[in-house]
Amino acid sequence: LVRRYRGSLDVDAFSHALSELARRHEPLRTTFELRGADPRLVVHQTGAPLGVVDLAARPPAERDAEVTELIAAATTSPFDLVDSALFAPQLVRLGTDDHLLVVRLHHTAFDDWSVDVFRRELSTLYAAFVAGGEPGLPDLVPFSDVCRRQRARLDGAAGAAARSWWREQMDGAPFAVQLPLGLPGQLGPDRPGAGEPVRHDLDPDLAQRVRALARRLRATPFMTVLAGFGVLVVRRTARDDLVLASVVAGRGSTEVEPLIGCLTKKVLLRLRLDGDPSFAEVVARTRTAVLGALSHQDLPFEAVVQETLGRAAAAHGMAAQVPVVFQGETPQQARLVLPGIRAEPFEVPGAARREQHFSARRDDDEGRSARPIWGDGAYLGTFLLLSLLEAQEGLALVARGVFHRPAAELLLQDLEALLEEVVTGPDRGLAGLAQAGSGEPPGDELLLRGVRLRRSRLEEALVRCPGVAEVAVALEDPDGRGPRLVAYVVADRHPPPTLAQLRAALWAARPGSPWPAAAVLVDTLPRVTGGGVEVAALPTPPLEPVGEAAPEAALLTALWSAARNEPMRPDDGYWQDFTFLQALAEARAAGLVVSDEQISLSRTPEMLAAAIAAAAG
């Protein structure tokens, strides 16, 4: 948070107000520690003191450069969740009556809702302390009590019911929407405009008509525009089963409404748009999906992803990520009112906004190119957070994330054009609205749960595995639970290569590429005239993995099972699991060489073992 204050600021009263704010709200004076393998809140008696930096005597150019560096450090330097404050305010004196407040925040301690609470209470506290009085603010429920009650609910029947609902809701779902918004060479934190939001205001007349249509269809503007976005994704991807994420405030009771803290959470949204529904029916299905997700939002997003998308994705060496988030956003209502002070926004210099995203990384120290972590089209390095901004004066679309800016601008323009179509004719069928062809992939492409893969690239990488004479890949669905990628291998040695060796060879050639969930040994590959593989003639035996787990996966799985005190499998996902960090530490002490990047690229012990093997050559 960066704000400029012009006027005679009472620094002592301001410091007292911030201290009292931290006393009232536990997250502002909280750090974390590990007890065994579990994270625990550590609530301190006081928060971080107000730091004061006096730059008033500096020449303007030097002062501006120092402000830029100060904000850049606050924005980009990593937090130490054990030893450093998650809420650290600094006051920069630019002149006698000119100050800049820079508050460094960790999202664990603060969300968008908290901004209004922060402004209201800081205004009340400062006004009272300047006048020499007491603010008289009501007592609050401790944030840690809210956490404990939620944890107790999720550990009981309510949590079991939520898990059951999400498993049923997401059964057979594709992994997530893959919406390319730029080529790998156009993406990354060092590209022009990276991290800059793209805003597109809807035509005022269209905004009114969208709201009127929403009322007529018994939906909110958010549901209606989300339905339109779903149709646009169908148009661009030829898919009619979509998995998106959304963001909700998590403030479902009056006791948590006045709290500062991170109660915001993501929820999965599955939009099933099969059967050529009218747009009105698409809105109805979207409303059902949104209300169902809201009713079961208490289960953490990470747990939902792991239990639904995670298992299927891990079988193919993929991260269970949801790279497209669609959220509703309302302007903050509260204003910061300090007696004798004019609060103004401060334009943060571009040099201080060096955002980093998990979906792109540098290839070399000079940053000459950036490429996505997940290869072969499974995850193109895009991350899209698309917000519908609702205000009295109209509706606006705001895109944030990792994308090629012109591609994001075109997406928002296309969404506005589609909304113009649907408000004019909401009874039109989806087939007419989403004119994207049959959706059948070309001959060299495989559609794996909504993710397009190039058959030739996978086969070219797999045939490099020692012991492989020929290989063909195909999609099989023997049990009706969704397609699995299978490698059909003709071996030229005995014993034949194991599944782990095949995966290591694939990742050595194409790091992060989806891999086969199983391998089947065959004597020959059936051929058609011209030499191509006759996919329909390939056998479909039970998909049992070939060979044992790699030694690294077996070691990690054994240590992880001991840390969790329950049996784990090599294909279990370790994302967000603190006990796996303990297992990793023990494996490294035993001599396993594994890098942090390999850990972040992988999601299961099996995937991590393949990454280690690929790096070893």
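Mentor: Let's start with a definition: a residue is buried under 20% relative accessible area, exposed over 50%, and partly exposed in between, using a 1.4 Å probe and protein chains only. Keep in mind that this is a predicted model, where local features need pLDDT of at least 70, side-chain atom pairs count only at pLDDT 80 or more, and totals for chains, interfaces and linings use all residues. Residues are numbered from 1 along each chain as its sequence is written, and side-chain values use heavy atoms, with hydrogens and water left out.

Trainee: Why is Arg-148 called exposed?

Mentor: Its relative accessible area is 53%, and the cut-off for exposed is over 50%, so Arg-148 is exposed. Asp-145 has 27%, which falls in the in-between range, so Asp-145 is partly exposed.

Trainee: What makes Arg-148 and Asp-145 a salt bridge?

Mentor: A salt bridge is a side-chain nitrogen of Lys or Arg within 4 Å of a carboxyl oxygen of Asp or Glu. Here the N to O distance is 2.7 Å, so the pair qualifies. Both residues lie in helix 4 (residues 143–154), 3 residues apart, about one turn of the helix. Helices here are DSSP runs of H or I with at least four residues, strands are runs of E with at least two, and the numbering goes from the N terminus.

Trainee: How do you know that Arg-285 and Asp-274 form one?

Mentor: Their closest N and O atoms are 3.8 Å apart, which is inside the salt-bridge limit, so they count. This pair links distant parts of the chain: Arg-285 sits in helix 8 (residues 279–295), and Asp-274 in the loop between strand 9 (265–272) and helix 8, 11 residues apart. Arg-285, at 26%, is partly exposed, and so is Asp-274, at 41%.

Trainee: How many salt bridges are there in the whole structure?

Mentor: A search finds 38. There is also a network of them linking Arg-4, Arg-6, Asp-98, Arg-342 and Glu-344.

Trainee: What about strand 4 and strand 5, in which sense do they pair?

Mentor: Strand 4 (residues 51–54) and strand 5 (residues 87–95) pair in the parallel sense over 4 bridges. The chain gets from one to the other through helix 2 (residues 60–76), and this β-α-β crossover is right-handed. That word applies if, with the strands pointing away from the viewer, the path from the first strand over the helix to the second runs clockwise.

Trainee: Why are strand 18 and strand 20 said to stand at the edges?

Mentor: They belong to an open sheet of 3 strands in the order 18-19-20, with mixed pairing. Strand 18 (468–476) and strand 20 (518–521) each have a single partner strand, so one side of each is left without a neighbour in the sheet. Strand 19 (residues 484–491) pairs with strand 20 in the parallel sense over 4 bridges, with Val-486 opposite Ala-518.

Notes
Two strands pair if DSSP finds at least two bridges between them.
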